[in-house]
Amino acid sequence: MAVHYPTDRPLVDSYGRHVTYLRISVTDRCDFRCTYCMGEDMTFLPKSEVLSFEEIRTIVSTFVARGVRKVRLTGGEPLVRRDIMKLIEALCQEHLLTGALEEVTLTTNGSQLARHAETLAGLGVKRVNVSLDTLDADKFAEITRRGRLPQVLDGIAAARSAGLAVKLNMVALKGVNEAEIVPMLDWAHSEGMELTLIEAMPLGDVALDRHDTHLSLREVRDRLAERYTLEPIAKRTGGPARYMRVAETGGTIGFITPLSHNFCESCNRVRLTCTGQLYMCLGQDDRVDLRRALREGGVTALDAALDAAMIAKPKGHDFVVDRQALAPAVARHMSVTGG
Ligand code: SAM
Ligand code: SF4
């Protein structure tokens, strides 16, 4: 199938990969403190360092003019940023309704979905990813440290009744929630939701022991294959996920294995932090300071910074969960870069 890049100045990196997908962390703040993501006592960035809505809109417009087709808002928790719906409304009106963007979507912990689901659907958002690692209320409280499971389940229900497709993201952790993968799959598929399992990544310094909790999704898939008939499907997103159809349920299960290298060659995405740093790879430290470019040189400098970013986009990442090296491969937390 021919790929259509509706711009004469597409963003193409040194390895020929087209960047068409932008993830934006709109805040590093969150109402949860998931053990694999954050420390108990997080110090968040002062608000002055965080991009304003105006700046985010300018950056998105610049990316859209260079052929970006999908924008995903993440965080931190995107729905806890004050007045976030105003930003989503502006992005949808400026780019989604005009057909410039195919999709505006978000990854959320679901805690605020109940109050925003209707509005999101009304603005043209079609689907959301909701992170849910367990269906056990006590374990949920343990993993998230501050979350309440019923609130998230209400959020998911509200999203679905508003007509949003919900995909569940579950970080698979050895000895923590591995026994809950099957119940989660059965529940998700019985409700018509996709489930994606995520292998935990060594990002940021957290209390959880990455080695003790590291669970290989290859192992998980082998175990699931003893129970279900898993059929490979062609669905590809340009990201690190591989999808299978579960014959018995008719549903889809995804496996995100960022520690393997098998996705880098098709990588189509870049990530913008809430302070305007553009990371070309989740697992590398190379970045371009878009906030500075924009504040000091305006849109022209911003546009030039995107070209610099394409030259700097690395071939692949360097994640290692090494028993000798306890330090995280990348010091920043997922909440800063955006998952
Ligand atoms: N707060 C929102 C949420 O939880 O969906 C959005 C931000 S969160 C950082 C995005 C995704 O990253 C979530 O699905 C979360 O489970 C995942 N995540 C966070 N830290 C991770 C890590 N160290 N390894 C793998 N996934 C991680
Ligand atoms: Fe917050 Fe999401 Fe990180 Fe959990 S995974 S602490 S919900 S940003």
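I'll start with the ground rules, then take the ligand, then the cysteines.

This is a predicted model: local features need pLDDT of at least 70, side-chain atom pairs count only at pLDDT 80 or more, and totals for chains, interfaces and linings use all residues. Residues are numbered from 1 along each chain as its sequence is written, chains are lettered from A and ligands numbered from 1 in the order in which they are written, and side-chain values use heavy atoms, with hydrogens and water left out.

Ligand 1, then. It is surrounded by 19 residues, counting a residue if one of its heavy atoms lies within 4 Å. The closest are Y36, G76, S131, V171 and M201.

Now the polar contacts, meaning pairs of N or O atoms within 3.5 Å. Y36 places a polar side-chain atom 3.0 Å from a ligand 1 oxygen. G76 uses a polar backbone atom, 3.0 Å from a nitrogen of ligand 1. E77 brings a polar side-chain atom to 3.2 Å from a ligand 1 nitrogen. On its own ligand 1 exposes 540 Å², and the protein buries 96% of that; areas are Shrake-Rupley with a 1.4 Å probe.

On to the cysteines. How many disulfides does the structure hold? The count is 0, a disulfide being two cysteine sulfur atoms within 2.5 Å. Take C281: the closest cysteine sulfur, in C264, is 6.0 Å from its own, so that is too far for a bond. C281 is also buried, at 12% relative accessibility, where buried means under 20% relative accessible area (1.4 Å probe, protein chains only). C92 is buried too, at 0%.

Key. Buried < 20%, exposed > 50% of the residue type's maximum accessible area, 1.4 Å probe, protein only. Polar contact = N/O pair within 3.5 Å; in protein donor to acceptor, adjacent residues only side chain to side chain.
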